[in-house]
Amino acid sequence: MERKFALFFAIAITLLIAINASIFSTQFSPEREEVKIQRIIDGDTLELEDSRKIRLSNINTPEKNIPGSELATAYLKQYEDKIVEIEITGSDKYGRVLARIFVPDYLNLELVKRGLAVKYLVKEEEKKLFAEAEESAIKSSLGIWKKSPYYNCLESFISEKEEIVTISNKCNKLNIASWILKDESRKLYVFKEIELGVIKLHTEQGEDNETDIFWNSKSDIWNNDRDTLYMYDKDWQIIHYNSYGY
């Protein structure tokens with residue numbers, strides 16, 4: 001009798017675990033939904049026929065005043081009035097739906113592969129995929145990744161918790177006036193007249209000197225888990241990039 005009870009109890013526990021696993025899988029594995037794209041708003045945002053605004057997850061595209069900003073928008077235009085599939089991953093602070101889009105290829109990733117977008121707030125399970133796609137696009141000078149004559153002239157070290165970036169020059173004398181440094185989001189710093197040897201860029205407020213300059217930002221710049229530093233010349237050609245956490 002005890003043996004039968006033990007067998008029944010074991011079967012019941014197994015079924016309970018299986019049911020819970022099924023519920024967990026359903027809750028955290030987004031289902032694909034068939035939708036129609038009404039219009040493209042910009043390079044990473046679109047509107048569906050049902051009026052929902054979709055922000056493509058895992059990516060960011062240049063703002064309108066930055067060279068190359070039109071490339072992703074032009075590429076997405078081919079999908080206006082087309083039926084696609086989406087996987088909803090959340091929502092942003094503007095009330096837009098965050099989603100992966102499939103056409104049937106994974107469109108979010110395709111934009112990064114083609115050099116039309118940068119990786120941004122990438123989901124943990126996709127971070128290697130997007131990092132490799134971006135690195136390949138940069139090396140091949142695709143889309144927004146036109147290389148500066150000074151490409152590979154810099155080295156950098158990011159101390160994300162201290163919010164300090166150390167930048168050093170590997171080439172001859174460089175005046176980096178009007179060069180731009182940015183993170184994966186839209187935060188950027190424009191350099192003043194500096195003869196670059198080795199400098200430290202601090203996020204906090206302070207007075208610039210020969211070795212230390214200050215962003216004077218009211219908030220942190222660098223994510224503690226993962227982020228990327230991009231350095232451009234005054235024409236928005238890529239000079240240097242440095243990722244961590246990927």
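**Backbone notes on a predicted model**

The place of L121 is the loop between strand 7 (118-119) and helix 4 (127-139), where helices (H or I, at least four residues) and strands (E, at least two) are DSSP runs numbered from the N terminus. This is a predicted model, in which local features need pLDDT of at least 70, side-chain atom pairs count only at pLDDT 80 or more, and totals for chains, interfaces and linings use all residues. Residues are numbered from 1 along each chain as its sequence is written, and side-chain values use heavy atoms, with hydrogens and water left out.

Let me stay with L121, whose phi is near 45°, a positive value in a residue other than glycine. Most residues other than glycine have a negative phi, and most peptide bonds are trans. L121 is exposed, with a relative accessible area of 53%, whereas N58, which also has a positive phi, of about 75°, although it is not a glycine, is buried, with a relative accessible area of 3%. Here buried means under 20% relative accessible area, exposed over 50%, and partly exposed in between, with a 1.4 Å probe and protein chains only. N58 sits in the loop between strand 3 and strand 4 (59-60).

As for the peptide bonds, the one from V103 to P104 is cis, with omega near 15°, and P104 lies in the loop between strand 6 (97-102) and helix 3 (107-113).

Finally, the sheet: strand 2 (residues 45-48) and strand 3 (residues 53-56) run antiparallel and are joined by 3 bridges, two strands being paired if DSSP finds at least two bridges between them. Within this pair, L46 stands opposite I54 in strand 3.
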